Amino acid sequence: MRIHDRPIQERIEALLSLSREHADTFCSPSAWLARERYLAAHPTRIVVMKCMDGRIHIPHATRTPLGIITPFRNLGGIFHLGWPYLGEMLTDTVYEATRGGHGVLMIITYHFSRGEKRRGCAGFDCDAEAALSHAREIRAQAEQLFGHDHRHVYPLVCGFETDGDALIVHGDGDARLDMSELGLADASDLERRVTALCPDMPSDIRRDLLPLLEGNLQHVDSLRGVARELDIEHREWVICVGRGFDFLHLPNTALIVGPYSPDLSQPVGTAATIIDANMKSSRIPDDGFLLLASTPYQEVGVDRARAVMKSHFLTEFATQVIHREHPKLAKRMLRRTAVVHWPSRRLELLSDA
């Protein structure tokens with residue numbers, strides 16, 4: 001029996017077990033050494049703007065050590081850099097990198113499926129061109145914030161083809177580099193191709209982009225001819241609100257609402273609508289769904305206390321929205337409130353109801 005078909009309490013325990021396994025892996029000596037060694041060779045800070053869809057697992061698809069890529073996840077991959085909290089987080093990331101003498105690679109993703117349109121991004125009604133257009137809007141906003149010369153922050157639009165896990169790197173106009181069209185023998189030619197595609201990319205940022213593309217080339221090649229289960233229909237049974245959900249990379253399991261938009265009620269309501277439809281169509285059992293709120297913290301004391309307060313607020317806020325917009329569905333809601341110790345990625349449950 002797959003996780004989607006199990007009773008709700010079993011599903012919740014399986015999810016929490018996954019978070020513990022993720023933290024154990026992240027904290028292992030080998031993983032720590034891999035991160036330190038990687039950052040010593042490739043110090044460019046990498047930020048990825050992406051959809052909440054669990055299939056969009058960039059570290060896995062690029063064979064990059066966990067903890068190198070900083071993810072920003074939201075329903076549909078929909079962002080606006082004018083959102084106060086999002087803008088502050090991005091600029092803080094850029095300031096930290098530049099003070100250390102490093103550039104920032106900002107990868108702005110959209111996703112689609114070549115095999116079946118319905119496997120595309122629900123946030124854009126599976127319209128890949130609309131998703132690409134939005135990614136380019138975010139790129140233009142990044143240029144307004146950090147400069148059109150791209151010397152310090154390079155905003156790069158990348159597609160992610162979910163059937164084959166292939167990256168599509170976009171340059172100006174219609175120019176692009178589709179990793180699914182290349183073979184392992186093309187690895188030595190990637191630098192020339194990237195230079196031609198993005199001639200204004202600083203050499204240090206290009207140097208640190210190449211390992212991601214080489215890793216994706218190897219990953220895509222390893223999947224050729226392999227039969228993969230490609231989930232078409234929504235089967236999500238978790239609504240996540242906040243941050244710290246790096247362990248959640250199971251397809252069609254969770255709808256992640258990042259705390260970035262000034263109006264969180266809209267994405268929370270949309271997520272609840274999807275869960276309700278999943279139950280009504282029997283894609284998931286109707287014995288319950290999980291609302292999980294989480295906030296990361298770096299240090300004990302005030303920082304953790306702030307995270308605890310924020311997580312409790314997110315739980316109550318989302319609960320009110322769901323009760324107001326889906327009162328029948330709300331009766332099937334189980335809640336978990338947590339904080340995440342970010343240096344270890346350890347999820348700490350605070351309360352449940």
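**Reading the labels in a predicted model**

Student: Why is glutamate 116 called partly exposed?

Tutor: Glutamate 116 has a relative accessible area of 24%. Buried means under 20%, exposed over 50% and partly exposed in between, with a 1.4 Å probe and protein chains only. The value of 24% therefore makes glutamate 116 partly exposed. This is a predicted model, in which local features need pLDDT of at least 70 and side-chain atom pairs pLDDT 80 or more, while totals for chains, interfaces and linings use all residues. Residues are numbered from 1 along each chain as its sequence is written, and side-chain values use heavy atoms, without hydrogens and water.

Student: Where is glutamate 116?

Tutor: Glutamate 116 sits in the loop between E3 and H5; helices (H or I, at least four residues) and strands (E, at least two) are DSSP runs numbered from the N terminus. From glutamate 116 to histidine 148 it is 32 residues in sequence and 36 Å in space, C-alpha to C-alpha.

Student: What makes alanine 122 partly exposed?

Tutor: Its relative accessibility is 40%, so alanine 122 counts as partly exposed. Alanine 122 is in the loop between strand E3 (104-112) and helix H5 (128-146).

Student: How do you know whether histidine 22 is buried or exposed?

Tutor: Histidine 22 has 15% relative accessibility, so histidine 22 counts as buried. Histidine 22 belongs to helix H1 (residues 8-27). Beyond residues up to four places away in sequence, histidine 22 touches Leu66, Asp246, Phe247 and Arg345, where contact means heavy atoms within 4.5 Å.

Student: Why are H6 and H7 called oblique to each other?

Tutor: Helix H6 (residues 190-197) and helix H7 (residues 203-223) pack at about 120 degrees, with axes 10 Å apart. Angles under 35 degrees are roughly parallel, over 145 roughly antiparallel, 65 to 115 roughly perpendicular, and the rest oblique. H6 and H7 are therefore oblique. The contact uses Leu190, Glu191, Val194 and Thr195 of H6, and Arg206, Leu209, Leu210, Leu213, Glu214 and Leu217 of H7.

Student: Which residues touch the most other members of the largest nonpolar core?

Tutor: In this core of 73 residues they are Met49, Phe72, Leu86, Leu90, Met106, Trp237 and Ile239. A nonpolar core is a set of buried Ala, Val, Leu, Ile, Met, Phe, Trp, Tyr and Cys residues joined through side-chain atoms within 4.5 Å. A second, separate core has 30 residues, including Ile56, Ile58, Tyr154 and Met201.

Note on methods. Axes are lines fitted to C-alpha atoms, for helices over the stretch in contact, and angles run from 0 to 180 degrees between N-to-C directions.
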